[in-house]
Amino acid sequence: MRVLEIILTVSALLLMFSFVSGKLFLKVKLVLSSISITLCAAQLWIEGYRWQMAGVYVIVLLGMILRMAGIIRGRSQKLLSAGQKTGESAFRSLKRFCVVAGTATGILMVIGSAVLSSTIPVVKFPAPAGPYAVGIQTLHLTDSSRPEPQTPDPGDSRELMVYVWYPATAKNDRQTAPLLPGDRQSNRKLTSAFAGSLGIPPFSLDYWQYIHMNAYPNVDWLRSEGPYPLILINHGNGTSSLLHTTLAENLASNGYIVAAVDHTYSTAATLFPDGTVTGFSESLSSDHFIATGTQLGNVWNDDNRFVLSQLKQQFADYIDTDHIGIAGHSFGGAAAYEAMFSIPELKAGIDLDGSLYTLTGPSLGKPFLFIESEDYYNRKKRIAVPDIDAEEKIMNNARLSGGGKLYIKGTAHFNFTDLQLYSSLLKYTGMTGSIDGGRSNEIVNQLVLDFFNRHLKEIHEDGEDGEDGGTAAGTDAGTAARTAAGTNAGTNAGYVEVVRP
């Protein structure tokens, strides 16, 4: 909960208790009501409305109305004769019961709002662990050489939104970038589309407008430490690049340029500069996953090629073109694996819990790391089909090229996105696992950083530059596992475990 939300909630509870307390003077009760309504106005003005706090808002407003009504009624009663006593005792008992019941209901509403506000908070992303400040730029790119495959008009070219994080000069006096990139009206359309993809009411995600990144928008690049390795990030099918913000910020703070591509019509929603919001167009079939996955993957990797060529032109002074990597979640991880075949510039890659649609082809010969959720790892053990067996063979052989396969205990599919930070309630839906979301986020970010440090910066576990790039079989996976599960675990060293099967 935010600061004023906490104060307002406490004030609302005190207001409710004042209705059943006969020891407080009327003036004290009036002051308490006035303070509560003032705090409510201040919270709405400064921090902004959240539907999670609706119960508190209602109680504060209703409490003030009832208090004023009580004063008016009390003055009116003084003008009446006090001679009628028939039924007076029963009336007072009924009145007392209503007051107590109403107060109890009000307290439950306030507590309910506090619980919702705490379990579905305005997310505060963890600070990046690297030494550099982080900047972010948003690019709108149009590939005029390719028609848009998801629209009927053959004149539509493929348009993409790309988010670029980079090492920046420190700008402590500037406001960090909001998570949502548009104006109020555009962002409302964006969150409504996201909500629709999740099957929840449109207003449910309105509070995302208050979420801020740790990155500063459009600040100067840190030139003194460049050029920097570049990493492309591919989101999962039907999600968004915005759900990989903490991963991108952490890499950028450690000296990487990170470009996250929103693959249009494969996101839950993508906002373009003119206010247009594109939604999700399902193009994968579980019954024909290899065929439909290959078709969609070809579109995504054409996107990756185009974005890479544009980045190399626009940021030529900053990108170390000899050290480029790729990572992706879910289908984006499978696309990252396929991209290693088809894009020669890519030197290393990571698949975060993605089922492969490329099960044949030449040996990669490039370091590639598979990081799985425990949920997916266990499900695969219960399935005996040729495609799974072929996928397992590819993953197990990855260690021969300096990569490997890991899984993180207690995780499910969305523990590899920022969604795990949005609410602890997600574990009850099966979207995330039993592991604490913040801890899982820390582990995933460290694993990804360790891997790319070794293969794109040739930095070993001890921080010294290496001559061989760390390509010994299995070394990378083991190092990353020890770092994430041990060295940085602190007091939670035994809470989770990174496992290399």
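**Salt bridges, cores and helix packing**

Me: What is the relative accessible area of arginine 379?
Reply: It is 37%, so arginine 379 is partly exposed. Buried means under 20% relative accessible area, exposed means over 50%, and partly exposed lies in between (1.4 Å probe, protein chains only).

Me: Where do these values come from?
Reply: This is a predicted model, with residues numbered from 1 along each chain as its sequence is written. Local features need pLDDT of at least 70 and side-chain atom pairs count only at pLDDT 80 or more, while totals for chains, interfaces and linings use all residues, and side-chain values use heavy atoms, leaving out hydrogens and water.

Me: Back to arginine 379. Which residue forms a salt bridge with it?
Reply: Aspartate 375, with the closest N and O atoms 3.3 Å apart. A salt bridge here is a side-chain nitrogen of Lys or Arg within 4 Å of a carboxyl oxygen of Asp or Glu.

Me: How many residues apart are they?
Reply: Four, in helix H9 (residues 374-381), so about one helical turn separates them. Helices (H or I, at least four residues) and strands (E, at least two) are DSSP runs, numbered from the N terminus. Aspartate 375 is partly exposed too, at 35%.

Me: How many salt bridges in total?
Reply: The count is 14.

Me: Which parts of the chain does the pair arginine 146 and aspartate 303 link?
Reply: Distant ones. Arginine 146 is in strand S1 (residues 133-147) and aspartate 303 in helix H7 (residues 289-314), 157 residues apart. Their side chains meet at 2.6 Å, N to O.

Me: Is that pair buried or exposed?
Reply: Buried. Arginine 146 has a relative accessible area of 14%, and aspartate 303 is at 0%.

Me: Which residues are linked in a network of salt bridges?
Reply: Asp143, Arg146, Glu148, Arg158 and Asp303.

Me: What about arginine 305?
Reply: Arginine 305 bridges to aspartate 302, with closest N and O atoms 2.6 Å apart. Both lie in helix H7, three residues apart, about one turn. Arginine 305 is partly exposed at 34%, and aspartate 302 is partly exposed at 32%.

Me: H7 and H8: at what angle do they pack?
Reply: About 65 degrees, with the axes 9 Å apart. H8 covers residues 331-342. Axes are lines fitted to C-alpha atoms, for helices over the stretch in contact, and angles run from 0 to 180 degrees between N-to-C directions.

Me: What does that make them?
Reply: H7 and H8 are roughly perpendicular to each other. Under 35 degrees is roughly parallel, over 145 roughly antiparallel, 65 to 115 roughly perpendicular, and the rest oblique.

Me: Which residues in H7 meet H8?
Reply: Phe289, Gly293, Leu296, Gly297, Trp300, Asn301 and Arg305. Their partners in H8 include Phe331, Ala335 and Ala339. Contact means heavy atoms within 4.5 Å.

Me: And H6 with H11?
Reply: The axes of H6 (residues 245-253) and H11 come within 10 Å and cross at roughly 45 degrees. H6 and H11 are therefore oblique to each other.

Me: New topic. Which residues touch the most other members of the largest nonpolar core?
Reply: Trp165, Ile350, Ile408, Tyr422 and Phe452, out of 60 residues. Helix H11 (residues 437-456) gives the most to this core, with eight residues. A nonpolar core is a set of buried Ala, Val, Leu, Ile, Met, Phe, Trp, Tyr and Cys residues joined through side-chain atoms within 4.5 Å.

Me: What else is there?
Reply: A second, separate core of 46 residues, including Val219, Tyr318, Phe331 and Ala339.
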